Amino acid sequence: MPKLFEPLSQRGLTLRNRIAVAPMCQYSAVDGLPDHWHLVHLGSRAVGGAAVVIAEATAVSAEGRISPQDAGIWNDAQLAAWRPIADFIAAQGAIPGVQLAHAGRKASTQRPWEGHGPVAVAKGGWTVVAPSAVPFDTGWHVPHALDEAGIRAVIADFRAAAQRALDAGFQLIELHGAHGYLLHQFLSPLSNRRADAYGGSFDNRTRLLREVVVAVREVWPEHLPLWLRISATDWAEGGWTPEESVALARMVKPLGVDLVDVSSGGLVPHVTIPLGPGYQVPFAAQVRREADIATSAVGLITEAAQAEAILAEGAADVISLARESLRDPYFPRRAASELGAQIAAPVQYGRAW
Ligand SMILES: Cc1cc2c(cc1C)N(C[C@H](O)[C@H](O)[C@H](O)COP(=O)(O)O)c1[nH]c(=O)[nH]c(=O)c1N2
Ligand SMILES: CCCCN1C=C(C(N)=O)CCC1
């Protein structure tokens with residue numbers, strides 16, 4: 001049996017294989033509401049055979065959106081709109097997941113095809129918050145540094161979003177601690193210049209993320225998995241490091257995180273990243289080995305044999321695919337054929353929509 005098609009237990013659930021569809025912003029929501037686009041985008045990848053389909057960075061508050069067109073789960077109308085999507089994914093035998101996110105200083109920005117720059121308040125944008133008043137780049141929003149009350153509100157928003165995710169039928173949450181968004185902004189010394197209990201030391205810089213994990217676990221059932229996506233490195237002098245990623249993984253495992261999805265970058269612009277097939281796999285391997293926690297490998301993984309080799313070397317437990325799943329929503333079916341594995345047929349069911 002190829003490792004890529006061995007089941008994996010995660011709390012009370014079983015992943016039918018080791019392929020996850022990574023979260024991918026669709027920038028296609030009105031007022032944060034998922035719609036037919038999201039159903040087809042996510043549903044087709046569940047039909048394609050993935051074990052887990054993780055919905056995009058889904059904002060826990062309106063101000064936490066990357067773009068005005070981001071999906072959200074900060075109100076009950078959005079909860080209701082997610083329910084048929086989560087239901088369809090589950091009916092196909094995949095685990096419906098959602099990535100809970102807050103963009104922090106990278107909020108209120110244009111969709112990539114509109115320029116990826118800041119959206120001014122006068123143009124429908126909003127003031128953004130962050131650990132410190134340090135903009136992402138020249139010309140970007142100068143964020144408002146969160147005070148204690150603001151931090152408490154962010155934690156409460158993540159907790160409430162987790163409850164809505166449960167009520168919407170999601171069975172897996174991934175917390176977005178990567179790519180330079182709010183939780184990552186608190187982790188990295190390059191963006192977190194605070195002098196209070198949320199800045200300075202490693203313990204202080206990881207405090208908000210740990211408090212969010214604890215708050216989410218207060219409402220997320222014991223039998224359901226909680227994943228955390230991190231950027232293992234900022235690729236920048238003085239930034240977050242792989243060694244800190246290992247230490248963080250060791251801290252969050254007893255708090256109820258079941259798997260660390262290991263990406264990189266996004267905190268600061270103008271860095272050089274050594275892109276190449278599986279370029280982030282060594283970080284996943286390091287976290288898995290040194291923190292003794294399940295990991296997902298992601299980043300320029302495009303072939304079944306490549307994915308199988310990553311699992312065989314023990315670098316990760318799950319393979320997350322983003323762009324390859326855009327090129328081929330049915331990658332798992334093709335991979336099964338290439339590797340000689342059995343894979344369940346899509347579930348046809350009559351249902352009046
Ligand atoms: C269109 C699009 C949209 C997103 C992404 C990527 C792309 C292409 N990525 C990053 C993605 O999950 C993945 O980590 C990277 O794309 C690297 O993996 P691939 O090489 O694409 O498989 C991403 N990551 C994340 O944590 N949350 C998100 O919502 C998104 N959104
Ligand atoms: C550092 C890699 C960032 C890739 N992207 C991540 C996004 C995210 N929401 O994490 C959305 C844009 C693309």
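1. Start with the contacts of Gln-286. Beyond its neighbours within four places in sequence, Gln-286 is in contact with Pro-242, Glu-243, Val-246 and Ala-291. Contact means heavy atoms within 4.5 Å. Gln-286 sits in helix α8, residues 281-291. Helices (H or I, at least four residues) and strands (E, at least two) are DSSP runs, numbered from the N terminus. Gln-286 is buried, with a relative accessible area of 14%. Buried means under 20% relative accessible area, exposed over 50%, and partly exposed in between, with a 1.4 Å probe and protein chains only.

2. A word on the model. This is a predicted model, in which local features need pLDDT of at least 70 and side-chain atom pairs count only at pLDDT 80 or more, while totals for chains, interfaces and linings use all residues. Residues are numbered from 1 along each chain as its sequence is written, chains are lettered from A and ligands numbered from 1 in the order in which they are written, and side-chain values use heavy atoms, with hydrogens and water left out.

3. Next, the record. UniProt, in an unreviewed entry, lists residues 3-339 as "domain: NADH:flavin oxidoreductase/NADH oxidase N-terminal". UniProt positions follow the numbering used here, feature names are shortened, and annotations may be inferred rather than shown by experiment. In the model, residues 3-339 are 35% helix and 16% strand.

4. How many residues of β9 are buried? Six of the six are, so β9 is largely enclosed by the rest of the structure. Leu-226, Leu-228 and Ile-230 point one way from the strand. Trp-227, Arg-229 and Ser-231 point the other way.

5. β9 has partners. β8 and β9 run parallel and are joined by five bridges. Two strands pair if DSSP finds at least two bridges between them. Leu-175 has Leu-228 of β9 as its bridge partner. β9 also runs parallel to β10 (residues 259-263), again with five bridges. Here Ile-230 is partnered by Val-262 of β10. The chain passes from β9 through α7 to β10, and this β-α-β crossover is right-handed. A crossover is right-handed if, with the strands pointing away from the viewer, the path from the first strand over the helix to the second runs clockwise.

6. Now β10. Five of its five residues are buried, and the strand is mostly covered. Leu-259, Asp-261 and Ser-263 point one way, and Val-260 and Val-262 the other. Val-260 in β10 stands opposite Leu-228. Four bridges join β10 to β11 (residues 294-298), and the two strands run parallel. Asp-261 is paired with Ser-296 of β11. The chain crosses from β10 through α8 to β11, and this crossover too is right-handed.

7. Look at helix α6. Its 13 residues, 207-219, reach 19 Å from first C-alpha to last. That is close to the 18 Å expected at 1.5 Å a residue. The expected span is 1.5 Å times one less than the number of residues. The buried residues of α6 include Leu-208, Leu-209, Arg-210 and Arg-217. Among the elements covering the buried residues are α3 (148-168), β8 (172-177), β9 (226-231) and α7 (242-252).

8. Which residues of α11 (residues 331-339) are buried? They are Phe-331, Pro-332, Ala-335 and Ala-336. Seen down the axis of α11, they fall within an arc of 135°, so they line one face of the helix. The arc is that of the directions from the helix axis to the C-beta atoms. Their cover includes β3 (19-21), α9 (304-312), β12 (318-321) and α10 (323-327). Just after α11, Gly-340 takes a positive phi of about 75°.

9. Check two loop residues. Trp-235 lies between β9 and α7. Its phi is near 55°, a positive value in a residue other than glycine. Trp-235 is partly exposed, at 21% relative accessibility. Leu-300 lies in the loop between β11 and α9. Phi of Leu-300 is near 55°, also positive in a residue other than glycine. Leu-300 is partly exposed, at 30% relative accessibility.

10. Last, Pro-112. This residue is in the loop between β5 (95-101) and β6 (129-130). Pro-112 is partly exposed, with a relative accessible area of 35%. Pro-112 and Ser-67 are 45 residues apart along the chain, and their C-alpha atoms are separated by 9.3 Å.
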